[in-house]
Amino acid sequence: MIFENLAEKLQSTLKNLKGKGKLTEKDVDLAMREVKLALLEADVHYKVVKDFIKKVKERSIGSEVMESLTPGQQVIKIVNEELSELMGGVQSKINISSKPPTVIMLVGLQGAGKTSTAGKLALNLKKQGKQPMLVACDVYRPAAIKQLEIVASGAGAIFYSEEGNTNPVEIATKGYEKAKTLGYDIVIIDTAGRLHIDENLMDELKNIKSSIKPHEIMLVVDSMTGQDAVNIAESFDQTLGIDGVILTKLDGDTRGGAALSIKAITKKPIKYAAVGEKLEDLEQFYPDRMASRILGM
Amino acid sequence: KGHIEIDEELYEEIEEILITGDVGFETTLKIVDMLRKNVKKKSIQDVKDVREELKLIVEEILSGDDSNLKLEPKPAILVIVGVNGVGKTTSIGKIAMRLKSEGKSVLLAAGDTFRAAAAEQLEVWADRAGVELIKHQEGSDPSAVIFDAISGAKARNTDVLICDTAGRLHNKKNLMQELAKIFRIIDREYPEATKEVLLVIDATTGQNAINQVKIFKEAAPLTGIILTKLDGTAKGGVVLSIKSEQQLPIKLIGVGEKIEDLQDFNAKDFAKALFSSN
Ligand SMILES: Nc1nc2c(ncn2[C@@H]2O[C@H](COP(=O)(O)OP(=O)(O)OP(=O)(O)O)[C@@H](O)[C@H]2O)c(=O)[nH]1
Ligand SMILES: Nc1nc2c(ncn2[C@@H]2O[C@H](COP(=O)(O)OP(=O)(O)OP(=O)(O)O)[C@@H](O)[C@H]2O)c(=O)[nH]1
Ligand SMILES: [K+]
Ligand SMILES: [Mg+2]
Ligand SMILES: [Mg+2]
């Protein structure tokens, strides 16, 4: 499970501090080196780790901590507080517009899990009594439209595509108009995977955005992503503006540092977690619970 | 960059480049250590030469064994495995095209019977490359597809049979057993074939790729790695850790979504890219 290994590592490192009656700066340094290792091995971004360690160290070697009766425990408390701060906040829900249809646009790198997540979201919202429509705007990947069609039918969602139309902006606009006319509650736009540095394709997303004004632009991120997660999220946020993040493939054994880093750097909430390949495998993301799990609190 | 002196700051900057390139902390420390030693041993004075030395160290780790695809003597079977969404199916399209242009006859097996429209996706690639494809219904047993494809390859006297497989996370025991079963079928039905088994790793992946290699190795007789998505800003540095621990050559790289976006792996170019800012 995500964060399990990170949690173990951190806890065993910090355990060594716990019993200490007196702490030297060297004790703190040694422990922080281990914490740094654990975080980097979990793919937390280098800069985030550096800032984190710096903060914890500064707070830890203050006289209040060093001269307290239980300095080890004080340091652990500081680590806990700073980590919770990183994961940040309470759960944030998807914005459902009071004036339907609510438009949700899924964006992200190739293979991150957008199309499958579109189906999962549709099923999730359907179970809440909504009528979602999935719009196929990936005109590039072989059989992407067919894939979304299968996924939509599995979720019992309306499916919208345009045979032969290679203009995603047009497809999105017409799909949206149709949903509005027919009174569907939710429109989910599946877009093609793209690199954050691909200007043409990023422009295409901007054009879709200005045409249909989505309520939620969700960046779909593979939880196995390494150090680049931060660049990716920052770029998508700067060029397009994102409202939240959906983390996928959390059923793997990744330590999930990308999640921590994205949250820390973009301040955008992680709203959902995909935890498998089946349509039911989507969960709401609870950052506070995640932080507790890392720390074993 | 701005450094003119060989000092701690320089080493720290190098550490940062390696770590943010996904090389991983421990491997990074090993490399920086080696660098310090070499700088001393070779009495390197110039920052520029330190950077050159660093590239050489990285190159050294990555080079060594032969990284060409081994598909001779024919017939050969090439199986592509990996976690979800890394670029298996796309890479197969690219490889099929390359082999065909080398004059080989190629047959594809749509061994992903699970993901929505996986066979249709591979079919588009088969058309683009101008090769034939064996597929079954969605939801059927992937081993049966491979079994049929082997018969098809024998009947056609095909040079290379390339098998797609469904994406699977390595920590899913049942899916890894399914993969092991596919290899039992191949051993039984096609013992005469030259085998290449490539694990596809997405260059954007972090330290989890190390586990991917370890565990896939247990179910599949891996012979090499394809590192995809190197056209992005991710450096794929985790292969340095993989290489120093697992002795598995990187054979091919993916640098885009088009059929021609496949290259042979070159340690020198990789080292250069690792240290270039995007
Ligand atoms: N195990 C697991 N697999 C997932 C999850 N989410 C997506 N996948 C798989 O990841 C692969 C890629 O998913 P897609 O939905 O096609 O990804 P995409 O972002 O639409 O890909 P492109 O359209 O090519 O950019 C597929 O094999 C999915 O089944 C998840 O939460 N867990
Ligand atoms: N930029 C870039 N994209 C790539 C590369 N290789 C594959 N892709 C894209 O990555 C996405 C996933 O590729 P697939 O070939 O479907 O991956 P897969 O491993 O077969 O996925 P599953 O079968 O769902 O596990 C697609 O959008 C591809 O176009 C590459 O080298 N560079
Ligand atoms: K990926
Ligand atoms: Mg897709
Ligand atoms: Mg595939």
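Q: How many bridges join E1(B) and strand E5 (residues 194–202) of chain B, and in which sense do the two strands pair?
A: Pairing is read from the bridges between two strands and from the sense in which they run; in this predicted model, E1(B) and E5(B) pair in the parallel sense over six bridges.

Q: Which residue of E4(B) does Val79(B) stand opposite?
A: Val79(B) stands opposite Cys163(B) in E4(B), and this belongs to a pairing of E1(B) with strand E4 (residues 160–165) of chain B, again in the parallel sense, over four bridges.

Q: Are the residues of strand E1 (residues 76–81) of chain B mostly covered or mostly open?
A: Here one looks at the relative accessible area of each residue, and a residue under 20% is called buried. Strand E1 of chain B is mostly covered, since six of its six residues are buried.

Q: Which chains surround ligand 1?
A: A site is assigned to chains by asking where its surrounding residues come from; those around ligand 1 come from chains A and B, so the site is shared between chains. The shell holds 24 residues, and the closest are Gly113(A), Lys114(A), Ser116(A), Arg141(A) and Glu277(A). H6(A) gives the most to this shell, with four residues, and by kind the shell divides into five nonpolar, 10 polar and nine charged residues.

Q: What lies 2.4 Å from an oxygen atom of ligand 1?
A: That is a polar side-chain atom of Ser116(A), and for Glu277(A) a polar side-chain atom lies 2.7 Å from an oxygen atom of the ligand. Ala112(A) takes part through its backbone, with an N or O atom 3.2 Å from an oxygen atom of ligand 1. As for cover, ligand 1 has 650 Å² of accessible area on its own, of which the protein covers 96%.

Q: Where is Gln131(A) placed in chain A, and which residues is Gln131(A) in contact with beyond its neighbours within four places in sequence?
A: Gln131(A) sits in the loop between helix H6 (114–127) and strand E2 (132–137) of chain A, and it is partly exposed because its relative accessible area is 24%, which falls between the limits of 20% and 50%. Leaving those neighbours aside, Gln131(A) is in contact with residues including Lys126(A), Gly156(A), Tyr184(A) and Asp185(A). Gln131(A) and Asp185(A) are 54 residues apart in sequence, yet 5.3 Å apart in space from C-alpha to C-alpha.

Key: Residues are numbered from 1 along each chain as its sequence is written. Chains are lettered from A and ligands numbered from 1 in the order in which they are written. This is a predicted model: local features need pLDDT of at least 70, side-chain atom pairs count only at pLDDT 80 or more; totals for chains, interfaces and linings use all residues. Side-chain values use heavy atoms; hydrogens and water are left out. Buried means under 20% relative accessible area, exposed over 50%, partly exposed in between (1.4 Å probe, protein chains only). Contact means heavy atoms within 4.5 Å. A residue is near a molecule or strand if one of its heavy atoms lies within 4 Å of it. A polar contact is a pair of N or O atoms within 3.5 Å; within protein, one must be able to donate a hydrogen and the other to accept it, and residues adjacent in sequence count only if both atoms are side-chain atoms. Accessible areas come from the Shrake-Rupley method with a 1.4 Å probe; for residues, only the protein chains shown count as cover. Ala, Val, Leu, Ile, Met, Phe, Trp, Tyr, Cys and Pro count as nonpolar, Asp, Glu, Lys and Arg as charged, and the others, Gly among them, as polar. Two strands pair if DSSP finds at least two bridges between them.
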